[in-house]
Amino acid sequence: MTYFLWAAIVIVVLTMVALLYRIVKGPTPSDRVVALDTIGVALICLVGLLSVVVDSSFFLEIILLLAILSFVGTIAFSKFIEKGDIITRDDSR
Amino acid sequence: MTILANILVVFFIAAGLVFIVVSAIGLLRLPDLYTRAHAASKSSTLGVMCILLGVFLHFWLIRDHFNPTILLGILFLFITSPVGGHIMSRSSYIAGVKPWSGTVRDDLKPEIERMKKEQKIK
């Protein structure tokens, strides 16, 4: 069981390295945003697997925190790419 | 009983690993942004949900500790990850990222041109 979990952690880390290659090479900024979002997902997997390895449930709140932060970051980046600013000024008032 | 629980946990974690690795291969090998976003948003969502389900079953069945935080995380990822993929693809289309040269049909282009024309008239 422990060997399997360490092998799983190594595989997830190799996945993150492959996504890092896409971030370095990506032709457009949107490619880099997609790859960063997937790196956030892989980081969530890594936190879950590490909390099984060290056998403590104190790290499990971090999973929810990382998911929320990754979502907010993705929305902010794509709004910046789409409109050029993140918080739009309200002209109707 | 512990052996059965271990088999269940290992099965879910292995399935999640397969999906995560497939999404990384898709991000490396697919030709343009829209296919890459397709691979990233769907496959990695299912992978992380499987892995978190394995972690949840490990803490529930073996350690006898029911942890609703992981279930909340699974639900949150299931809701927000496709929304994130959709918004990334939409913003990159509006910013002018070209689809792959083998694309045969683009239904969104006349619609966006019509929207721009209407906004200019207003």
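Which residues are linked with E111(B) in a network of salt bridges? The network joins E111(B), R114(B) and E118(B); point 5 returns to these residues.

1. Basis of the model. This is a predicted model, in which local features need pLDDT of at least 70 and side-chain atom pairs count only at pLDDT 80 or more, while totals for chains, interfaces and linings use all residues. Residues are numbered from 1 along each chain as its sequence is written, chains are lettered from A and ligands numbered from 1 in the order in which they are written, and side-chain values use heavy atoms, with hydrogens and water left out.

2. Chain A, overall form. Chain A contains three helices and zero strands, and from the N terminus on its elements follow the order α-α-α. Helices here are DSSP runs of H or I with at least four residues, strands are runs of E with at least two, and both are numbered from the N terminus. The radius of gyration of chain A is 17 Å, whereas a compact globule of 93 residues would have one near 12 Å. That radius is taken over C-alpha atoms, and the globule rule is 2.2 Å times the number of residues to the power 0.38. Along the principal axes, the C-alpha trace of chain A spans about 60 × 30 × 10 Å.

3. Of the 93 residues in chain A, 40% count as buried. Buried means under 20% relative accessible area, exposed means over 50%, and partly exposed lies in between, with a 1.4 Å probe and protein chains only. Chain A exposes about 5,300 Å², and carbon and sulfur atoms supply 73% of this area. Accessible areas come from the Shrake-Rupley method with a 1.4 Å probe; for residues, only the protein chains shown count as cover. Among contacts in chain A with a separation of 6 or more, 42% are between residues 24 or more positions apart; a contact means heavy atoms within 4.5 Å.

4. Salt bridges between the chains. Over all chains, the whole structure has six salt bridges, each defined as a side-chain nitrogen of Lys or Arg within 4 Å of a carboxyl oxygen of Asp or Glu. One of them pairs R36(B) with D31(A), with the closest N and O atoms 2.5 Å apart. R36(B) lies in helix 2 of chain B and D31(A) in helix 2 (residues 29-53) of chain A, so this pair joins two chains. R36(B) is buried at 6% relative accessibility, and D31(A) is buried at 4%. Another salt bridge is formed by D55(A) and R63(B), whose closest N and O atoms are 2.8 Å apart. This pair also joins two chains, because D55(A) is in the loop between helix 2 and helix 3 (60-83) of chain A and R63(B) is in the loop between helix 2 and helix 3 of chain B. D55(A) is partly exposed at 34%, as is R63(B) at 42%.

5. Helix 4 of chain B. E111(B) and R114(B) form a salt bridge at 2.6 Å, N to O. Both residues lie in helix 4 (residues 108-121), three residues apart, or about one turn of the helix. E111(B) is partly exposed at 38% relative accessibility, and R114(B) is partly exposed at 42%. K109(B) also lies in helix 4 of chain B and is partly exposed, with a relative accessible area of 46%.

6. A buried serine. S78(A) is in helix 3 of chain A and is buried, with a relative accessible area of 1%. Leaving out residues up to four places away in sequence, S78(A) touches I87(B), M88(B) and S91(B).

7. An unreviewed UniProt entry lists residues 6-31, 43-62 and 68-88 of chain B as "transmembrane region". UniProt positions follow the numbering used here, feature names are shortened, and annotations may be inferred rather than shown by experiment. Residues 43-62 of chain B are 100% helix and 0% strand, with end C-alpha atoms 28 Å apart. Residues 68-88 of chain B are likewise 100% helix and 0% strand, and their end C-alpha atoms lie 30 Å apart.
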